[in-house]
Amino acid sequence: MNILTFRSNEELNEAGAGIITGLVQTNPRAVLGLATGGTPVGIYEEIVKTYRKGMVSFKSVTTFNLDEYVGIPEDHPESYHAYMKHHLFGHVDLSPERTHIPNGNAADLEQECAKYNQHLEDAKQIDLQLLGLGHNGHIGFNEPDHALVSGTHIVKLKDETREANARFFDSIDEVPTHALTMGVGTILKAKMILLVVRGADKAEIVHKALTGPITTECPASLLQTHPHVVVLLDTASGRLLNA
Ligand code: F6R
């Protein structure tokens with residue numbers, strides 16, 4: 001595991017974007033696993049800047065998002081479909097038919113998960129999976145539990161996850177109760193994982209996930225078993241490492 005700590009958000013964003021655009025420059029047909037939430041916003045901004053300078057093209061890239069809420073329309077500003085359009089898809093030359101996000105409004109959600117798994121299988125392997133980290137150790141929406149699911153599945157969001165995400169909605173009552181998420185098996189199958197974490201409020205979970213026991217009660221701790229993980233931290237979130 002290669003852990004890099006940055007003094008500023010700008011440096012962290014540039015490093016994260018550089019890793020992703022560097023991969024696409026060397027492998028224009030790369031398969032990228034993408035995350036949403038507050039953490040990657042600045043990285044997407046830097047990627048768009050690099051694209052606008054004409055330094056990278058995404059026209060042959062395939063993407064798979066980690067997750068989507070169940071039951072909010074795709075054009076709801078807080079849906080992950082809307083998020084991706086707003087922060088990345090609307091600004092670069094990704095081909096819409098090569099971008100994938102689970103459909104949280106499918107009539108049959110089980111079938112939607114099976115379809116998503118099939119698309120992932122057809123793509124063979126994710127070259128780089130971008131991840132944020134939940135305060136409770138979740139990756140994607142794989143919440144802490146006594147057992148975890150390998151493939152894409154429906155998940156009931158924990159109260160703490162809904163509380164953390166309430167900042168994006170008018171009130172906690174509007175935060176969906178369920179989501180579709182890629183499973184940990186799919187995440188761990190990625191060739192490389194890029195975990196990004198910011199903020200003092202994540203220092204404890206960073207320490208636990210990266211140095212604590214490997215347990216499904218902290219899904220991110222499973223990343224310790226992966227052969228190629230790069231972790232980008234700001235100084236606040238990395239404060240307890242080597243402390
Ligand atoms: C988002 C996702 C989640 C977030 C995590 C951290 O697609 O899968 O695991 O990465 O909840 O969210 P932020 O970045 O908002 O703190």
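Is Met 1 buried, exposed or partly exposed, and what is its relative accessible area? Met 1 is partly exposed, because its relative accessible area is 45%, where buried means under 20% relative accessible area, exposed over 50%, and partly exposed in between, with a 1.4 Å probe and protein chains only.

## Basis of the report

This is a predicted model, in which local features need pLDDT of at least 70 and side-chain atom pairs count only at pLDDT 80 or more, whereas totals for chains, interfaces and linings use all residues. Residues are numbered from 1 along each chain as its sequence is written, and side-chain values use heavy atoms, with hydrogens and water left out.

## The chain as a whole

The protein chain holds 7 helices and 10 strands, these being DSSP runs numbered from the N terminus, with helices (H or I) of at least four residues and strands (E) of at least two. Its C-alpha trace spans about 45 × 40 × 35 Å along the principal axes. For 243 residues, a compact globule would have a radius of gyration near 18 Å, and the 17 Å of the protein chain agrees with this; the radius is taken over C-alpha atoms, and the globule rule is 2.2 Å times the number of residues to the power 0.38.

Of the 243 residues, 53% count as buried. The accessible surface of the protein chain comes to about 11,100 Å², and 50% of it belongs to carbon and sulfur atoms, with areas taken from the Shrake-Rupley method with a 1.4 Å probe and, for residues, only the protein chains shown counting as cover. Among contacts (heavy atoms within 4.5 Å) between residues at least 6 apart in sequence, 78% join residues at least 24 apart.

Met 1 is found in the segment before S1. Leaving aside neighbours within four places in sequence, Met 1 is in contact with Leu 210, Leu 223, Gln 224, Val 229 and Val 231. The C-alpha atoms of Met 1 and His 119, which are 118 residues apart along the chain, are separated by 29 Å.

Thr 5 lies in strand S1, and with a relative accessible area of 43% Thr 5 is partly exposed. Thr 5 and Thr 235 are 230 residues apart in sequence, yet their C-alpha atoms are 5.9 Å apart in space. Apart from neighbours within four places in sequence, the contacts of Thr 5 are with Leu 233, Asp 234 and Thr 235.

## Helices H1 and H2

Ala 15 has its place in helix H1, which covers residues 9–26, while Glu 46 lies in helix H2, residues 41–52. The C-alpha atoms of these two residues, Ala 15 and Glu 46, are separated by 9.3 Å and stand 31 residues apart along the chain.

Not counting residues up to four places away in sequence, Ala 15 touches Phe 6 and Leu 232, and Glu 46 touches Asn 13, Glu 14 and Ala 17. Glu 46 counts as buried because its relative accessibility is 17%.

## Helix H7 and its cover

In helix H7 (residues 203–211), the buried residues are Ala 203, Ile 205, Val 206, Ala 209 and Leu 210. Seen down the axis of H7, these buried residues fall within an arc of 165°, so they line one face of the helix; the arc is that of the directions from the helix axis to the C-beta atoms.

What covers the buried residues of H7 includes strand S1 (2–6), strand S9 (192–197) and strand S10 (229–234). Leu 210, listed among the buried residues of H7, is also one of the residues in contact with Met 1.

## A loop residue, Lys 124

Lys 124 has its place in the loop between helix H4 (109–122) and strand S6 (128–131). Although Lys 124 is not a glycine, its phi is positive, at about 70°. Lys 124 counts as exposed, because its relative accessibility is 68%.
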